[in-house]
Amino acid sequence: MSTLETQGLGKVYGDFVALAPTDLKVEKGEFLTLLGPSGSGKTTLLSLIAGLAEADSGRILMNDRDVTHAAPYQRDIGMMFQNYALFPHMTIAENIAFPLKMRGTPAAEIKRLVQEALDMVRLPHIADRFPKELSGGQQQRVALARCTIYRPSVILMDEPLGALDKKLRDQMQFEILRIHKEIGGTIVYVTHDQEEAMTMSDRICLMNGGRIAQLGSPADLYFRPQSLFVADFLGEANLLEGRLVSGADGEGVVRLGDASEIRVTLPRPLDHGAAVKVMLRPQNIRLEDTPGEGLNARLRSWSVTGASTKFFLDAPALGSEPLIATRATAMSHDAPEPGRDYRLSFDPRDAVAIPADEAA
Amino acid sequence: MTAIPAPAATRRPMSRRSRQLLMAAPMVLLLVTFLIYPSAQLFLLSFQKGGGFSLENYQRLLGTPVYLTVMMLTLKISVVTTIFAVIAGYPVAYLISILPKAKKGRILFWILLSFWTSFLVRAFAWIILLGRNGVVNKLLQTLGISDAPIALMYNFSAVVIGMVHALLPLAVLTMLSVMENIDRNLTRAASTLGAKPGMAFWKIYFPLSFPGVTSGALMVFVTAIGFFIFPALLGGRRETMITQIIIEQIIQTMNWGFASAVAVLLLVVVLLVFVLYDRAVGLSTMTGESSARKGRPGRKGIFSRIGDAILTGLGHASDAIIGLFPRRRAREGAPRPLVGFVTVLLAVMTLPVLLMIPLSFAESGLNWPPQGFTLKWYQQIFNSPIWMSALTRSLVVGFSTAVLALLIGTPVAFLMVRGRMRGKTALLAFTLMPVVMPNMILSVGLFYLYAKIGLVGTNLGLIIGHTVIAVPYVVLTVMSVLRNYDTRLDLAAQSLGATPIRTLRLVTLPIIGAGMISAFLFAFTISFDELTIALFTSGGMSATLPKQLWDEVSLSISPLLAAVSTCLFLFVTVLIVAVGLLNRRQK
Ligand SMILES: Nc1ncnc2c1ncn2[C@@H]1O[C@H](COP(=O)(O)OP(=O)(O)O)[C@@H](O)[C@H]1O
Ligand SMILES: [Mg+2]
């Protein structure tokens with residue numbers, strides 16, 4: 001039984017499709033992230049689940065109950081807003097107690113639970129303060145305590161960390177995961193930050209133009225993208241153009257522009273002769289010092305970007321775009337001269353063929 | 001990167017301090033000379049009798065039952081007006097605040113139209129409406145509720161109806177300024193946390209909007225307490241308000257001392273209300289800042305607990321009522337009963353003036369329904385030297401006032417927004433004095449001053465008086481324009497080689513131009529509608545349009561006046577539409 005399920009759920013504004021009919025199942029205890037560029041319909045989907053917007057088509061089931069037309073307060077949800085939405089005229093304790101009061105919890109019980117919640121988010125001493133008197137990170141924790149204290153079966157978070165700086169964001173990611181474990185709730189999380197999505201999620205639902213582009217584990221999406229959009233959106237990717245020469249059982253051979261052939265992985269069966277792009281992650285390309293059989297490339301330039309060093313290479317097989325390969329930065333490496341030739345090698349499991357004609 | 005050096009300064013720049021002084025000086029001078037000094041003069045006058053110090057004026061004021069009755073009635077009318085205006089205005093402001101931008105403008109237009117239509121025109125419209133043969137009586141007879149005309153006018157209710165109608169827009173706009181700053185996500189958050197709509201409103205939205213309610217009430221009350229048009233035109237002999245006594249004392253008996261004492265009393269009451277307000281709520285809420293309670297850790301006061309319990313009760317009650325009706329599916333729009341209520345209210349706000357228009361073209365006089373069509377009233381106006389000279393004078397005075405107010409107010413607005421200086425709050429408070437001070441006090445003071453320096457009956461006297469009233473609005477309008485202006489654009493232009501003057505001409509002014517024109521039009525409208533100052537300082541042949549209208553209305557009601565009012569109304573409509581278009585184009 002899934003905790004949350006949408007069936008053909010859609011939303012239009014005028015004649016603009018903000019969310020195409022969408023099927024999605026979220027399992028109990030799961031951390032699912034809606035990831036996608038701005039305007040891809042993440043907030044729309046979340047608002048429909050929360051009941052803050054009315055669906056134009058489809059159904060929403062929560063614990064197998066149809067809640068498509070239920071008001072937000074009739075659904076068993078908690079929601080964390082991007083700007084926290086703490087009530088400015090209430091103390092922190094009153095803010096956190098609010099959902100319990102709405103549910104008629106006895107006062108003594110509320111007191112105990114509020115203290116527990118404050119302890120859980122590691123802010124035990126701020127009960128009587130007002131939201132204005134807290135820092136952004138503290139407000140964040142209070143918002144987290146408020147939407148989890150009544151143990152809703154689904155917790156929705158819309159870019160909750162968007163307003164925090166990098167360091168605080170890392171810290172809060174960890175906090176949210178810890179609390180997710182502690183209360184064992186189901187979380188649907190929205191972000192446009194792919195790194196955040198990769199770090200936190202059990203599964204990622206990558207969205208584009210109001211529809212699901214791909215749904216799967218972070219590794220699935222990263223290593224087995226099914227479309228160019230997915231390959232491009234998650235991390236850096238080299239895309240080599242070519243045609244499928246042969247393929248079976250998830251493996252195949254692709255002929256590139258310069259007639260060289262490489263072995264690739266096929267996440268799904270493709271017709272022979274199909275135009276494909278082969279995705280190669282920069283860190284999976286090894287630069288062999290001695291040119292020879294297979295793919296060769298000439299160094300255009302290189303730069304140290306921190307932990308890794310980026311090599312920009314020209315390869316006949318690639319056209320004008322430079323191919324990017326990375327290496328861990330180390331003092332022991334020589335500074336190579338531009339113009340130097342390398343042979344490229346990689347594991348066929350890291351080269352993924354994606355149909356080229358698929359709309360991004 | 002290399003920076004192209006800025007063109008060398010051609011002359012030594014003034015020190016910041018003296019530049020700031022220079023920017024504020026004209027306004028400070030204006031208000032000191034033509035607001036503070038005359039008021040102080042009145043204060044002194046009120047303590048004089050026969051050339052020496054005396055408390056006689058106050059003894060007479062406080063010792064005569066008639067005056068005490070008038071004071072009590074003034075308070076009663078003002079309080080009742082305030083309550084009705086705030087309660088009726090709240091749903092309107094609420095609806096405007098929750099509507100999407102496009103729809104907001106439409107409702108706001110009607111509110112602004114009422115707001116800027118002169119009190120005199122609206123009072124006149126009610127006279128026609130409530131008269132023996134007016135629309136209301138005709139309607140009651142048609143519906144069979146009454147079979148003869150009943151006296152709807154010249155009583156307490158007529159005054160209150162007129163005043164609520166007059167001040168509702170002010171209440172709405174003041175409350176709106178607070179409501180616009182309430183984050184809409186808060187009520188949505190409440191509903192995801194389990195609050196039903198009624199509970200979310202009473203426990204979250206209402207407390208947050210409360211500063212708007214109190215400041216709206218304050219504004220309505222201090223305006224209402226200085227009214228004389230409505231009690232004079234719609235009230236009976238019993239409905240006399242305090243400012244009418246001042247007029248009577250000045251115009252009929254020239255008793256400056258006593259009139260001053262009444263004015264001082266009025267001022268004291270207004271100031272007292274402000275002080276009480278500041279104690280209870282804090283004046284800072286007037287600026288639309290959200291007012292989180294001071295973090296007082298520990299136990300909450302008994303009042304706030306009672307308040308909380310009341311709000312919870314209201315929440316439950318509302319939800320019980322809402323629960324009686326089937327739930328609508330379209331959750332996103334505004335609640336339909338609210339839209340219905342606001343529509344009716346807006347109709348009631350606008351109709352009186354609109355109903356007056358056909359009567360100005362009718363041959364049947366002011367009786368409803370209008371019959372026949374004639375332009376004779378309009379012809380009479382345009383052939384009348386009195387009306388034409390009044391119109392000319394109003395236009396000249398209005399235009400000059402607007403120019404002067406803009407010249408004086410704009411530097412102050414720049415100073416308030418851009419200047420780095422201490423005492424900004426004090427300067428703003430000083431600027432707003434003409435808004436707080438009842439116009440009647442200013443008018444009497446100016447009359448006394450003008451009589452001595454020979455400005456009575458002159459255009460200059462009117463222009464100065466109107467500028468005093470209009471300057472605060474200019475400052476506020478230009479301030480809001482400047483707040484939205486990104487000063488980095490100036491820096492960008494200057495970094496690209498534009499001199500300050502060219503920057504102003506090519507970048508700053510084109511961008512803030514529309515806002516400046518709005519400020520100009522506001523100042524013009526204020527002057528064009530102004531009656532109180534004109535009442536004393538423009539006499540006989542030198543009347544302004546409102547003064548001429550007032551004189552005639554007090555004497556007799558004729559369709560000619562409906563024609564004049566229609567012209568005034570259409571004129572304001574054009575101005576509002578112009579401002580609206582300007583602002584839209586700017587976006
Ligand atoms: N109330 C609305 N009216 C019209 N269009 C809207 C509305 N809300 C969202 N949209 C449009 O729907 C699309 C998806 O929006 P949203 O779900 O907020 O995207 P995301 O959260 O992924 O950035 C956007 O193009 C947005 O402009
Ligand atoms: Mg969004």
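# Domains, chains and salt bridges in a predicted model

The C-alpha centres of domain 1 of chain B and domain 2 of chain B lie 23 Å apart, with domain bounds that come from an automatic or database domain assignment. This is a predicted model, in which local features need pLDDT of at least 70, side-chain atom pairs count only at pLDDT 80 or more, and totals for chains, interfaces and linings use all residues. Residues are numbered from 1 along each chain as its sequence is written, chains are lettered from A and ligands numbered from 1 in the order in which they are written, and side-chain values use heavy atoms, with hydrogens and water left out.

User: Which residues of chain B form domain 1 and domain 2, and how many residues of each are in contact?

Analyst: Chain B is divided into domain 1 (56-291) and domain 2 (390-587). Contact means heavy atoms within 4.5 Å. By that rule, the residues in contact number 28 in domain 1 of chain B and 32 in domain 2 of chain B.

User: How much area do domain 1 of chain B and domain 2 of chain B bury between them?

Analyst: The size of an interface is often given as the accessible area lost when the parts come together. Here buried area is the accessible area (1.4 Å probe) that two parts lose on being put together, summed over both. Carbon and sulfur atoms hold 92% of the area between domain 1 of chain B and domain 2 of chain B, and the total is about 2,800 Å².

User: Which helix gives the largest share of the side of domain 1 of chain B that touches domain 2 of chain B?

Analyst: Helices (H or I, at least four residues) and strands (E, at least two) are DSSP runs, numbered from the N terminus. The elements of chain B that give two or more residues to this side of domain 1 are helices H4 (101-116), H5 (119-130), H10 (229-234), H11 (242-252) and H12 (256-280). The largest share is six residues, and it comes from H12(B).

User: How many residues on that side of domain 1 of chain B are nonpolar, polar and charged?

Analyst: Ala, Val, Leu, Ile, Met, Phe, Trp, Tyr, Cys and Pro count as nonpolar, Asp, Glu, Lys and Arg as charged, and the others, Gly among them, as polar. On the side of domain 1 of chain B that touches domain 2 of chain B, the division is 25 nonpolar, three polar and no charged.

User: How many residue pairs are in polar contact between chain B and chain A?

Analyst: Chain B and chain A bury about 3,000 Å² between them, 58% of it on carbon and sulfur atoms. A polar contact is a pair of N or O atoms within 3.5 Å; within protein, one must be able to donate a hydrogen and the other to accept it, and residues adjacent in sequence count only if both atoms are side-chain atoms. With both residues at pLDDT 80 or more, the count between chain B and chain A is five residue pairs.

User: Which helix gives the largest share of the side of chain B that touches chain A?

Analyst: Helix H8 (185-192) and helix H9 (197-224) of chain B each supply at least two residues of this side. The residues of the side of chain B that touches chain A divide into 12 nonpolar, seven polar and 12 charged. The largest share, seven residues, comes from H8(B).

User: How many salt bridges lie across the interface of chain B and chain A?

Analyst: A salt bridge is a side-chain nitrogen of Lys or Arg within 4 Å of a carboxyl oxygen of Asp or Glu. Over all chains the count comes to 24 salt bridges. Across the interface of chain B and chain A, the rule finds zero.

User: How many residues apart in sequence are the parts that Lys203(B) and Asp308(B) tie together?

Analyst: The side chains of Lys203(B) and Asp308(B) meet in a salt bridge (3.4 Å, N to O). Lys203(B) lies in helix H9 of chain B and Asp308(B) in helix H13 (residues 302-324) of chain B, so the pair ties together parts whose separation in sequence is 105 residues.

User: Is Lys203(B) buried or exposed?

Analyst: Buried means under 20% relative accessible area, exposed over 50%, and partly exposed in between (1.4 Å probe, protein chains only). Asp308(B), at 28% relative accessibility, counts as partly exposed. Lys203(B) has a relative accessible area of 6%, so Lys203(B) is buried.

User: What separates Glu109(A) and Arg112(A) in helix H3 of chain A?

Analyst: The side chains of Glu109(A) and Arg112(A) meet in a salt bridge (3.1 Å, N to O). Because the two are three residues apart in helix H3 (residues 107-120) of chain A, the separation is about one helical turn.
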